Amino acid sequence: MEARAREVGTPLSAPPAVRRTSDLAARGEPFLWLFGGALGLGIFMIVGFLLLVAWNGISTFWPKPIEVVALKGGGLVAGEPTRAESFRPGPERLAGLDAAARAAIERNGGHARRTLYRIGNYDLYNEDFRWVADFEVAGASRPADMVFVERLEWGPFVGRIKEVDLDGARSAGAAPDLGRLSSAHAAARARWQRLREIERGAIGEVNHDLNAERLRLRRAALDHGRDGPRFRQVEAEVAARTAALERAYAGLTAEAEAIRKEDGKFRLTLAEIGGKEKTVPLSEVVRLYPANDLSLWGKLRVYVSRWAEFLSDEPREANTEGGVLPAIFGTAAMTLLMVLVVAPFGVLAALYLREYAKQGKLVSVVRISVNNLAGVPSIVYGVFGLGFFAYIVGATIDQLVFPERLPNPTFGTGGLLWSSLTLALLTVPVVVVATEEALAAVPRSMREGSLACGASKWQTIRYIVLPRAMPGIMTGLILAMARGAGEVAPLMLVGVVKLAPELPVDGFFPYIHLERSFMHLGFHIYDVGFQSRNSEAGKPMVFVTTLLLIGLIAAMNATAIYLRNRLKRKYAVGHF
Amino acid sequence: MDVSPTAEMAAETAGNMPPAGSGRRAPLAARRDRATRRSVLIVDRLADYVITIGGMMVIVAVLAIMVFLAAVVVPLFTGAEILDRASYRIDAPRERPLFAEVDEYRTIAVLVGADGRLSAFHYGTGAPIAAPAFDFGGQTATAIGRPIKGIDVAFGFGDGTIRLGRLRLVSRVLAAGEMPAGLGRLDERDFSDGRAVYSLVPGGQVRKVEVEAELGQAQQIAEAGVPILAVDYRVGGTAERPVRAFVSLDQSGVKRLSLAESRQNLLTRKVTTTVSTTELKGLPPDLDLVGMLISERADRVYVAERSGRLFRFDTRDFTQPVLAEIADLMPGEAKLTALRFLIGEQSIVAGGTDGSVRVFFPVHKEGAGTTDGLALVEAHTLEPHGASVAGMSVSERGRTLVTLDNMGEVWLRHVTSGQTLLRLKGADASARWALVGLAPREDGILMVDSRGAATAWRVSAPHPETTFGTLFGKVWYEGYPEPSYTWQSSSGTDSFEPKFSLVPLIFGTVKATLYALLFAIPVALLGAIYTSEFVHPAVRGVIKPTMEMMASLPSVVLGFIAALILAPVVETWIAAVLLAFAVLPLLLLGSAAAWQFVPGRIARRFDGVPRLAVVCGVVALGFYLSYALGGTFERLFFAGDFMAWANGDAGGDVPFMTLLLLPLSTAIALAASGRVFGDAIGRRRRRLSERGMAAFDLARWLAVFALALALSLVLALLLDSVGVAVRGTVVGTYVQRNTFVVGFAMGFAVIPIIYTIAEDALNAVPEHLRSASLACGATPWQTALWVILPTGFSGIFAAIMIGMGRAVGETMIVVMAAGNTPLLDWNIFNGLRALSANIAVELPEAVKDGTLYRVLFLAALTLFVMTFAINTFAEIVRLRFRRRAAQL
């Protein structure tokens with residue numbers, strides 16, 4: 001382009017009427033600047049967006065100091081300063097201020113600054129966050145003995161340790177021995193983990209078996225009637241099994257009870273900034289750290305442990321805390337299943353369109369239609385998935401295969417399988433279009449060469465065309481995966497749920513439960529951001545989840561682009 | 001990877017086509033080998049079939065989506081059908097019965113005679129069922145009144161007394177074993193012992209239905225011996241302390257409103273009833289009464305006379321009823337023959353001798369002149385019968401009713417949609433009387449006439465409320481001041497009238513799309529032109545994927561950022577944000593003018609990346625300037641408070657209108673200056689030095705802007721004086737989650753699509769056109785404007801259409817950031833509800849195969865058709881463009 005510009009301005013030994021510099025209007029500088037500005041705006045938008053998500057997502061888990069703010073009107077507020085903004089105090093708020101503060105606001109064009117503190121202690125305050133305006137503040141400090149306690153319930157606690165009770169060894173008043181506390185804490189967490197294993201794993205298994213026996217009885221009643229000898233036989237078997245299972249259940253409950261009793265001996269008494277106390281079992285403390293007395297190494301450890309929890313644990317507190325493992329798992333399972341379906345069918349359709357169908361008007365109409373289906377809103381596919389897969393196909397399967405579970409639907413409602421199929425349908429056009437382009441990019445001469453050597457049509461496709469088109473097909477598949485992983489709207493209709501602690505894969509026969517509803521990272525964002533009691537409390541979680549989702553999709557897209565570029569370089573043939 | 005498959009194939013084909021070396025050695029063997037191996041042929045044939053059938057199936061499956069959606073939608077428009085019809089004879093009373101009642105499951109039908117006798121029979125076969133009777137003590141009821149729903153009934157008698165009673169068709173579900181033995185079989189479902197009917201129901205259970213009746217003591221309402229002509233009756237209050245309200249009219253023309261409150265003494269368990277009565281004044285003495293209605297909460301009383309005059313009393317103050325309004329139900333000579341409430345007891349259905357069936361309800365009206373500010377309006381005029389309306393029966397569940405005329409025609413209709421669902425031929429016209437009854441679930445119609453001929457229809461009218469008209473047209477809903485497009489699919493009460501107009505939703509989609517495109521098109525197109533024509537290909541290779549990355553951002557993320565981060569920020573800094581739209585272009589133009597002062601040699605050296613960097617810097621500066629000047633801007637244009645201004649509470653329209661008109665007037669000024677002074681400017685320019693020319697150009701731009709500013713000010717003043725307002729149209733009351741935010745967030749989704757496709761289209765313009773233009777001495781700008789753009793225009797158009805398709809279908813952004821209010825309002829600062837968002841929000845709760853479910857499928861089908869049409873159009877344009885570009 002620079003070269004072109006130079007050509008235009010190249011000095012010529014021409015008559016004086018022709019000027020060396022062209023007319024300014026011809027240069028169109030103002031318009032170029034407008035055009036460039038538009039491009040700049042676009043770049044700003046995308047870069048700003050990514051920076052916003054990246055910064056918020058990366059910084060969320062970094063432990064922040066706890067600030068204790070003394071208010072002018074008396075009272076103390078302790079919390080993590082989350083963000084600050086400028087706001088416009090209302091007239092009644094202004095009226096309650098002294099003259100100096102009012103004048104300061106007046107000078108600032110009616111704006112004042114305020115800071116959002118994460119004050120925690122939801123069980124005591126009934127709010128997690130509090131705005132403190134600068135004009136309210138009398139002074140702020142960061143006392144070293146403030147601790148930030150993440151609990152299993154009620155969200156974080158911000159305050160001081162009042163007393164530690166380790167099986168009778170109390171350490172009231174004196175500064176707690178954090179080293180001892182942390183080893184006791186580790187032991188308590190291990191107990192809690194064991195308790196969860198019993199409750200989830202062993203007791204869950206017993207419950208599963210009990211339910212299976214109940215269903216067996218119903219099935220027998222449906223198959224043989226309630227009066228036959230077969231039914232009696234099954235009934236007796238079921239009763240025996242059930243009794244055995246219930247004994248096992250009692251044993252497990254006793255074991256759990258013992259652990260719980262042991263657990264009750266280790267307690268932590270905390271005091272919030274105003275002095276109100278709260279005693280929690282040590283095992284219900286997820287994490288505890290002195291926020292203002294943390295070395296860089298300590299902060300890093302908290303940071304890493306939070307990320308580890310996020311990636312490997314289940315959500316707590318209406319999804320606003322804890323991890324997103326089920327959502328990651330659900331997203332991955334759904335996407336993989338979708339690819340398994342979409343890959344063969346998409347490639348099949350493209351092969352038919354490009355290699356087998358007679359290229360005429362009809363095929364070009366079909367091609368345009370398939371192309372356009374990529375532009376049909378995803379929610380429409382969701383509607384189809386719900387109406388056809390879940391309500392018609394699923395309900396039929398239920399009636400034929402699982403009559404004993406009715407009226408509770410098994411396949412007759414949204415689930416992993418239907419979600420994958422719906423998204424497969426949604427992404428089939430993407431794969432078809434990509435595969436077709438890849439097939440078209442294989443030079444005709446190669447095909448003709450192969451056929452001329454006596455290879456059959458299928459052999460040509462199998463050994464000549466497909467290998468060369470493979471990177472293009474892979475690109476299409478990965479793009480389809482990226483699109484599928486980011487879709488939420490159709491999933492809201494066909495099987496995604498807010499909380500599904502049961503993963504679609506577990507230890508019970510048949511191990512893969514395609515009928516189960518599942519969690520999804522995208523829906524997690526929607527749910528935590530919009531359905532939780534306090535969107536502010538959920539925001540950090542949403543940002544981290546967003547970062548994860550975008551990262552995932554960006555990685556897929558980057559792979560696709562890399563493949564595409566490799567393909568282009570390899571077979572630099574003209575495209576349309 | 002590249003070599004091995006070919007090698008493999010060579011190995012396989014070696015069988016039928018030996019390499020040249022070995023071919024000469026064994027000609028005989030070669031001939032045998034030349035035959036293709038069977039397995040190859042079979043595999044080839046198999047592949048043929050699998051790929052052809054599989055490929056076609058995939059394509060058919062994908063295309064079948066539309067067919068499936070349409071199949072779900074179709075029942076919305078099919079009206080009703082008759083499932084079966086049973087005719088039988090019953091022992092009909094001589095006199096016309098007071099009313100007919102059918103139970104919930106269409107098992108038993110009961111006719112209540114004026115003498116208190118109940119004649120019950122099996123609905124399907126007419127087999128008689130024994131039923132108790134109301135003991136009127138030998139009297140004959142002169143009047144009857146009862147609510148639409150429930151079991152209560154009031155009878156008026158000739159001696160001026162009233163008796164309250166209950167008629168119940170009780171159904172109980174019994175276990176399979178509890179069915180008594182020795183029952184007579186009625187039909188495949190029902191058995192009877194002559195007193196009750198036992199029906200087999202799914203799940204191996206039995207349902208027993210029988211008739212129960214009870215009657216209270218006579219209460220003297222009118223003077224003794226003055227017959228009661230009409231009575232209507234409602235029960236309110238709590239179950240422990242029921243309040244009965246009833247209206248009675250005696251022959252002397254005195255109309256009374258009575259409230260009876262029953263109280264049970266907790267100690268003695270004695271029920272005491274106190275009756276208080278007031279007189280309704282204002283009725284003409286010679287009233288020829290047809291009917292009388294009392295509303296659910298007894299706050300309105302209607303009295304209708306034969307001429308069609310309706311007297312409406314406001315009885316909110318029980319002690320002082322006021323005649324609020326006199327309305328005419330029957331225009332012309334026609335006489336009123338039937339009067340009923342619809343469910344909810346707001347709407348009144350009136351039938352006349354001319355066969356007309358009209359629906360009225362009170363609405364709040366300015367200047368109604370009534371005590372309660374209401375006025376009765378004729379909201380629906382249903383299709384008239386051919387003969388005088390003889391009777392009607394309304395549904396307990398919805399707005400369906402059956403009407404009967406003197407010729408024996410029975411029509412099933414729905415009020416909201418105004419459609420006649422079924423036209424049935426019932427009784428002979430020669431019968432003395434005929435009676436019609438609608439089953440509670442709207443699934444059966446019973447008709448009985450004086451000669452004992454009864455017909456019981458089983459009908460199915462699953463979606464009576466939807467027609468093309470109710471879905472896409474204006475409908476006058478109960479209580480609304482005028483016909484409107486309204487979407488309100490559900491509510492807490494049973495008597496709710498569902499409002500399924502898709503128009504507000506389609507409007508929402510169009511509004512979101514339009515505002516999003518208004519922002520996205522300029523950014524995307526200008527950016528695409530710049531990328532394609534004015535930056536180095538290497539830079540392009542970086543910028544384009546960056547922009548494309550934006551396309552792969554999941555929309556749920558965009559929605560989240562838009563609603564939770566952007567919306568509060570925009571709300572706080574709205575003035576600054578609006579200012580940015582003016583500051584950015586102006587600043588860019590200003591910087592361009594400044595850049596022209598840089599000597600050409602140096603400027604050209606910095607033509608590529610450095611200039612783009614400076615442009616980006618200017619954009620950043622523009623953001624900062626908007627932020628800094630936001631407060632000042634708000635003071636100057638919006639009287640210091642944008643929210644108050646938008647509400648219409650402060651400031652005037654002119655400043656903002658001036659700003660809105662600025663792009664238009666700038667274009668006008670630019671064109672005008674070019675046309676009028678173009679030659680003169682050109683001549684003058686030629687004599688200037690480079691720097692002088694820059695200065696001249698700056699001056700020219702300044703002049704153009706001054707002109708534009710003046711022009712738009714004048715225009716704004718003019719429009720303002722004519723009465724054109726900005727507020728209340730495109731801007732207005734500010735809500736946090738609004739179209740402005742949606743438009744911006746949707747920009748993220750739409751800009752990359754338009755950008756990529758438009759850039760591709762511009763890039764596809766053959767290189768020789770560009771070279772030719774430049775070789776003729778045109779600048780890159782001239783080339784772009786006069787050569788590239790016209791050639792690539794159809795491609796750009798396709799890009800816009802495809803972007804539009806994406807905006808139309810976008811779901812999560814609208815769900816999260818648009819507030820979901822189904823309004824018909826262009827205000828950019830108000831919310832909206834789009835088709836897609838509506839589906840996402842309401843479908844999970846919709847009952848399968850219910851009306852809402854099907855209407856939402858229709859919404860999906862609408863979206864499908866809209867996007868499919870837009871995309872197909874775009875695709876055709878794009879293909880044409882490609883073909884043309886290839887020919888050039």
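Predicted model: local features only at pLDDT ≥ 70, side-chain atom pairs only at ≥ 80, totals over all residues.

Colleague: How many helices and strands does chain A have?
Modeller: Chain A has 18 helices and 13 strands. Those are DSSP runs numbered from the N terminus (helices are H or I with at least four residues, strands are E with at least two).

Colleague: Why call chain A more spread out than a compact globule?
Modeller: Its radius of gyration is 32 Å, well over the 25 Å that the globule rule gives for 576 residues, so chain A is more spread out than a compact globule. The radius is taken over C-alpha atoms, and the rule is 2.2 Å times the number of residues to the power 0.38.

Colleague: And what domains does chain A have?
Modeller: The assignment gives domain 1 (67-153), domain 2 (160-299) and domain 3 (325-570). Those bounds come from an automatic or database domain assignment. The C-alpha centres of domain 2 of chain A and domain 3 of chain A lie 39 Å apart. Where they touch, five residues come from domain 2 of chain A and four residues from domain 3 of chain A. Here, contact means C-beta atoms, placed from the backbone, within 7 Å of each other.

Colleague: OK, chain B now. What's in it?
Modeller: Chain B has 20 helices and 33 strands. For its 888 residues, a compact globule would have a radius of gyration near 29 Å, but chain B has 40 Å. Its C-alpha atoms fill a box of roughly 120 × 100 × 60 Å, taken along the principal axes.

Colleague: How many residues of chain B are in contact with chain A?
Modeller: 109 residues of chain B are in contact with 95 residues of chain A. Helix α4 (residues 38-73) of chain B gives the largest share of chain B's side, 17 residues. That side divides into 70 nonpolar, 27 polar and twelve charged residues. Nonpolar covers Ala, Val, Leu, Ile, Met, Phe, Trp, Tyr, Cys and Pro; charged covers Asp, Glu, Lys and Arg; the others, Gly among them, are polar.

Colleague: You mentioned a sheet. What's the strand order?
Modeller: There's an open sheet of seven strands in chain B, ordered β6-β7-β8-β12-β11-β10-β9, with antiparallel pairing. Two strands pair if DSSP finds at least two bridges between them. The edge strands are β6 (141-145) and β9 (184-185) of chain B, each pairing on one side only.

Colleague: How many bridges join β7 and β8 of chain B?
Modeller: Five bridges, in the antiparallel sense, between β7 (residues 152-157) and β8 (residues 161-174) of chain B. B:Phe155, for instance, has B:Arg163 in β8(B) as its bridge partner.

Colleague: Last one: is B:Gly145 buried or exposed?
Modeller: B:Gly145 is buried, because it has 25 other C-beta atoms within 10 Å. The cut-offs are 20 or more such atoms within 10 Å for buried, 12 or fewer for exposed, and partly exposed in between, with C-beta atoms placed from the backbone. B:Gly145 lies in strand β6 of chain B. Leaving aside neighbours within four places in sequence, B:Gly145 is in contact with B:Ala154, B:Val231, B:Asp232, B:Tyr233 and B:Phe246.

Methods. Residues numbered from 1 in each chain as written. Chains lettered and ligands numbered in written order. Contact = placed C-beta atoms within 7 Å.
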